[in-house]
Amino acid sequence: MSKDYETPEKTRERLRQEELKNNPFGHMKDGIDRAQYGSLVDLVGSLGWKGTLVLIIVIIVGLVVAQYF
């Protein structure tokens, strides 16, 4: 699809994805803020696979610690 025929919605999404590729961890706060009002897809999409892995590990460690206290 040519850029001339992109809808504004697709253009915004393409620009957002390019920005996330350039600075994935700089947008972690934006992803967390969006997750409060948006969906889990926005959070995971902004964190990337490394950030999502860290988030899952923190949740698992938190659950293990909470089980013992």
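Analyst: A polar contact is a pair of N or O atoms within 3.5 Å, where one must be able to donate a hydrogen and the other to accept it. In this predicted model, the side chains of glutamate 6 and arginine 14 are joined by such a contact, at 3.2 Å. Glutamate 6 also has a polar contact of 3.1 Å from its side chain to the side chain of threonine 11.

Where is glutamate 6 in the chain? It lies in the segment before helix H1, and that helix covers residues 8-22. Leaving aside residues up to four places away in sequence, glutamate 6 touches Thr11 and Arg14.

The pairing with arginine 14 can be described in another way. Side chains of opposite charge can pair when their charged atoms come close. Glutamate 6 and arginine 14 form a salt bridge, with 3.2 Å between the closest N and O atoms. The cut-off for a salt bridge is 4 Å between a side-chain nitrogen of Lys or Arg and a carboxyl oxygen of Asp or Glu, so this pair qualifies.

Which other residue pairs with arginine 14? The side chain of glutamate 18 meets the side chain of arginine 14 in a salt bridge of 3.3 Å, N to O. Both glutamate 18 and arginine 14 belong to helix H1, where they are 4 residues apart, about one turn of the helix. A search of the whole structure finds 2 salt bridges.

Are these side chains buried or exposed? Arginine 14 has a relative accessible area of 24% and is partly exposed, because that value falls between the limits of 20% and 50%. Glutamate 18 counts as partly exposed too, at 39% relative accessibility.

Residues elsewhere give a comparison. Threonine 52, in helix H3 (residues 40-68), counts as buried because its relative accessibility is 16%, under the limit of 20%. Not counting residues up to four places away in sequence, threonine 52 touches Val44 and Leu47. Tyrosine 68 is also placed in helix H3, but counts as exposed, at 69% relative accessibility. Tyr68 is one of the residues of a nonpolar surface patch, which includes Trp49, Leu53 and Phe69 and has about 1100 Å² of accessible area together.

Now the whole protein. There are 3 helices and 0 strands, and along the sequence the pattern reads α-α-α. Of the 69 residues, 13% are buried. The protein exposes about 5800 Å², and carbon and sulfur atoms supply 65% of that area.

The average pLDDT is 77, and 65% of the residues score at least 70. Among the elements, helix H2 (residues 28-37) has the lowest mean pLDDT, 65, while H3 has the highest, 84.

Conventions: Residues numbered from 1 in each chain as written. Predicted model: local features only at pLDDT ≥ 70, side-chain atom pairs only at ≥ 80, totals over all residues. Heavy atoms only, no water. Helix = DSSP H or I, 4+ residues; strand = E, 2+ residues; numbered from the N terminus. Contact = heavy atoms within 4.5 Å. Buried < 20%, exposed > 50% of the residue type's maximum accessible area, 1.4 Å probe, protein only. Areas by Shrake-Rupley, 256 points an atom, 1.4 Å probe, with all protein chains shown as cover. Patch = residues over 30% accessible without salt bridge, like charges linked within 9 Å, V, L, I, M, F, W, Y side chains within 5 Å. pLDDT = per-residue confidence, 0-100.
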